[in-house]
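This report describes one protein structure in plain terms. The sequence and the model are shown first, and the text then goes through the parts in turn.

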Amino acid sequence: MPKMKTHSGAKKRFSVTRTGKVKSRAAAKRHRLTSKSKRMKMEGRATHIMKDMNAKTLLDNFFPYQSGLRRNNRKRQRKVEATATKKEAA
């Protein structure tokens, strides 16, 4: 079975954090900026974390080797929460 390929366009536009979240740049910052409000332009400076369902779609379809990262982090997070509750009970 050949290796699956990561989508080249997605590589350039999105990045995946260590916790499995997807970062992207803001849209609507290229042209016709005079008709946009100051607030819209200000908020468009920063990177954004994508919503969970959009990130899941992106990871499953365009980043085939990153989709497992998010699942593994959830398992790790549950273990940490379980140990924290055990310590509190003791």
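Is Lys56 buried, partly exposed or exposed? Lys56 counts as partly exposed, at 43% relative accessibility. Here buried means under 20% relative accessible area, exposed means over 50%, and partly exposed is in between, with a 1.4 Å probe and protein chains only.

The model is a predicted one, in which local features need pLDDT of at least 70 and side-chain atom pairs count only at pLDDT 80 or more, while totals for chains, interfaces and linings use all residues. Residues are numbered from 1 along each chain as its sequence is written, and side-chain values use heavy atoms, with hydrogens and water left out.

**Salt bridges**

Lys56 takes part in a salt bridge with Asp60. The term stands for a side-chain nitrogen of Lys or Arg within 4 Å of a carboxyl oxygen of Asp or Glu. Side chains of opposite charge can pair when their charged atoms come close. The structure holds two such bridges, and the table lists them.

| Salt bridge | N to O distance |
|---|---|
| Arg39 and Glu43 | 3.0 Å |
| Lys56 and Asp60 | 3.0 Å |

Asp60 and Lys56 are four residues apart in helix α3, so about one helical turn separates them. Asp60 is partly exposed, with a relative accessible area of 37%. Arg39 and Glu43 are likewise separated by about one helical turn, because they are four residues apart in helix α2 (residues 38-43). Arg39 is exposed at 59% relative accessibility, whereas Glu43 is partly exposed at 44%. The helices (H or I, at least four residues) and the strands (E, at least two) are DSSP runs, numbered from the N terminus.

**Strands**

Strand β2 (22-25) has pairing partners in β1 and β3. Two strands count as paired if DSSP finds at least two bridges between them. Strand β1 (residues 14-16) pairs with β2 in the antiparallel sense over three bridges, and Val16 stands opposite Val22. The two strands form a hairpin with five residues between them, and Gly20 in the turn has a positive phi of about 95°. Strand β3 (residues 47-49) also pairs with β2 in the antiparallel sense, over three bridges. In that pairing Lys23 stands opposite Ile49.

**Nonpolar core**

Val22 also belongs to the largest nonpolar core, which has six residues in all; the others are Ala10, Ala55, Leu58, Leu59 and Phe63. Helix α3 (residues 52-62) gives the most to this core, with three residues. A nonpolar core is a set of buried Ala, Val, Leu, Ile, Met, Phe, Trp, Tyr and Cys residues joined through side-chain atoms within 4.5 Å.

**Loops**

The loop between β2 and α2 contains Ala26, Ala28 and Arg32. Most residues other than glycine have a negative phi, and most peptide bonds are trans. Ala28 has a positive phi near 65°, and Arg32 has a positive phi of about 55°. Ala28 is partly exposed at 35% relative accessibility, whereas Arg32 is exposed at 62%. Ala26 is partly exposed at 21%.

Gly44 lies in the loop between α2 and β3 and is buried, with a relative accessible area of 11%. Gly44 and Lys29 are 15 residues apart in sequence, and their C-alpha atoms are 6.6 Å apart.

**Largest pocket**

Gly44 and Lys29 are also among the residues that line the largest pocket, as are Arg13, Phe14, Ser24, Arg25, Ala26 and Ala28. How much space lies in the largest pocket? The value is about 270 Å³. Its lining divides into five nonpolar, two polar and five charged residues.

On a 1 Å grid over the protein atoms alone, a pocket is an open set of points where a 1.4 Å probe fits, with protein on both sides within 12 Å along at least five of seven lines; lining residues have an atom within 4 Å of a point. Grid points are joined across faces, edges and corners, and the volume is the space filled by probe spheres set on the points. Ala, Val, Leu, Ile, Met, Phe, Trp, Tyr, Cys and Pro count as nonpolar, Asp, Glu, Lys and Arg as charged, and the others, Gly among them, as polar.
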